[in-house]
Amino acid sequence: MNQRKHNTPLVEMANSPPKRKRQPQGENRITAPCPYFKRCGGCQLQDRSYQDTLLYKDRLINRLLCAFGTAKPIIGMKNPWSYRNKSHSAFVHDKRLGIQNGLYEEYSHKLVPIDRCLIQDERADQIVATIKSMMKSFKMTAYNERTGQGFLRHVLIKVGFKNHEIMVVLVVTSPMFRGKKNFVKALLNKHPEISTIIQNINDKDTTMVLGQREIVLYGKGYIQDSLLGMTFQISAKSFYQINPAQTEVLYETAMNMAGLSGTEVVLDAYAGIGTIGLIASRDAKKVIGIELNGDAVKDARKNAARNKVTNASFHNGDAGEVMVAMANQGTKLDVVFMDPPRSGSTKAFIQAIGKARPKKVVYISCGPDTLARDLGWLKEEGYTVKEIQPVDMFPWTEHVECCVSLEK
Ligand code: SAH
């Protein structure tokens, strides 16, 4: 296994000085409720009131998108805590401190030991604490980044908020898991609420959490959750929105913008497990989904069947390439939903939209900078922005989700 070359300490001591690299400007500072606020860096805005964080996001969006119109006020949460359905805890072996778990400090590779994250589901923190407490008696070692030795690297937990199903993914360095039956039994004994346990093997010297190979140790190997009356299967590697309460708000906003009447051919680009396309399928003639991640496409197809949707199909491929091919073949599209990752879409995809000439484009973005760039390209293709609606999907963080409708 590869050895790491750096010699920096891997675990941040509790009394280390604050290491925040960026401090958003603003007036009314408060004491952040989270004791790890300064070192973790996950929630950049926890030192102000929730209302102030929303104003900060409104200003940011309006500054970046001023060339395209004025955004409506961001839709916030009534209770902006414990909203994350996905949690991730890194495990490392530290020479001085032994097994440590927590999150990596922003912009560095130092682990900040964290027991409770206020924006995550509490059940996830409890399961992680149990796993840590079981490691000694099961002689389970934690990963040592310097030597590449050790077994447990990460614990990833996904919780279906509506269906109360819980997935535990043990990311380990080897397929050989000594005493796995007893480990699983003991974990389930303490947490009968767990629906499935997966062993994921990641033996690479990488910052990626998940490896390719999975072994299902208990349950179905996926969980289910419901959004807007539909049930979705979520596997370990597929993308699923991390704030389910606000996802319903976001998707309703997107559906209202699309204004489907039952006759439209709809494209769901960057479809993930098919949530947007399947919800749209109820009011469309036909839905075509495109997604790069093969596991997510499998989930999307199963989700169509699970919800008895017969007018949606999902294609595995690069959104740009598939869109160009569809435009060249003259595929008729009426409405395009596009929900790319933070890096945004591509010029090839947007030029292909220009060629396919759908009447409406609904752009769902989690990266305002790339959104501004892509709206510029859509403008070049003759599209005008009609509405900009930010939704607070990531309270206390500086991330802003935004739904934009455009028309030809
Ligand atoms: N619409 C989904 C997923 C949005 S996240 C939802 O609301 O849950 C963005 C998705 O784009 C991820 O599933 C990612 O795998 C996918 N993706 C990233 N690059 C892509 C590309 N070039 N072509 C198609 N899909 C891509």
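In the predicted model, the side chains of Lys 220 and Glu 165 come together in a salt bridge, with a distance of 3.6 Å from nitrogen to oxygen. A second pairing of this kind joins the side chains of Arg 123 and Asp 121, where the N to O distance is 2.9 Å. The two partners can also be described by their accessibility: Arg 123 is partly exposed, with a relative accessible area of 24%, whereas Asp 121 is buried, with a relative accessible area of 8%. In total, the count of salt bridges comes to 13.

The protein is divided into domain 1, which covers residues 86–227, and domain 2, which covers residues 243–407. Nine residues from domain 1 and ten residues from domain 2 take part in the contact. The centres of domain 1 and domain 2, taken over C-alpha atoms, are separated by 32 Å.

The size of an interface is often given as the accessible area that is lost when the parts come together. For domain 1 and domain 2, the area buried between them is about 670 Å², and carbon and sulfur atoms give 59% of this area. On the side of domain 1, the residues that lose the most area to domain 2 are Ile 119, Gln 224 and Leu 227, which together account for 63% of what that side buries.

Polar and charged groups were also examined at this interface. One salt bridge is counted between domain 1 and domain 2. The side chains of Lys 162 and Glu 248 meet in a salt bridge, with an N to O distance of 2.6 Å. Across the interface of domain 1 and domain 2, three residue pairs are found in polar contact, with both residues at pLDDT 80 or more. The side of domain 1 that touches domain 2 is made up of four nonpolar, two polar and three charged residues.

How values were computed. Residues numbered from 1 in each chain as written. Predicted model: local features only at pLDDT ≥ 70, side-chain atom pairs only at ≥ 80, totals over all residues. Heavy atoms only, no water. Domains from an automatic or database assignment. Contact = heavy atoms within 4.5 Å. Buried area = accessible area lost by both parts, 1.4 Å probe. Salt bridge = Lys/Arg side-chain N within 4 Å of Asp/Glu carboxyl O. Polar contact = N/O pair within 3.5 Å; in protein donor to acceptor, adjacent residues only side chain to side chain. Nonpolar A, V, L, I, M, F, W, Y, C, P; charged D, E, K, R; others polar. Buried < 20%, exposed > 50% of the residue type's maximum accessible area, 1.4 Å probe, protein only.
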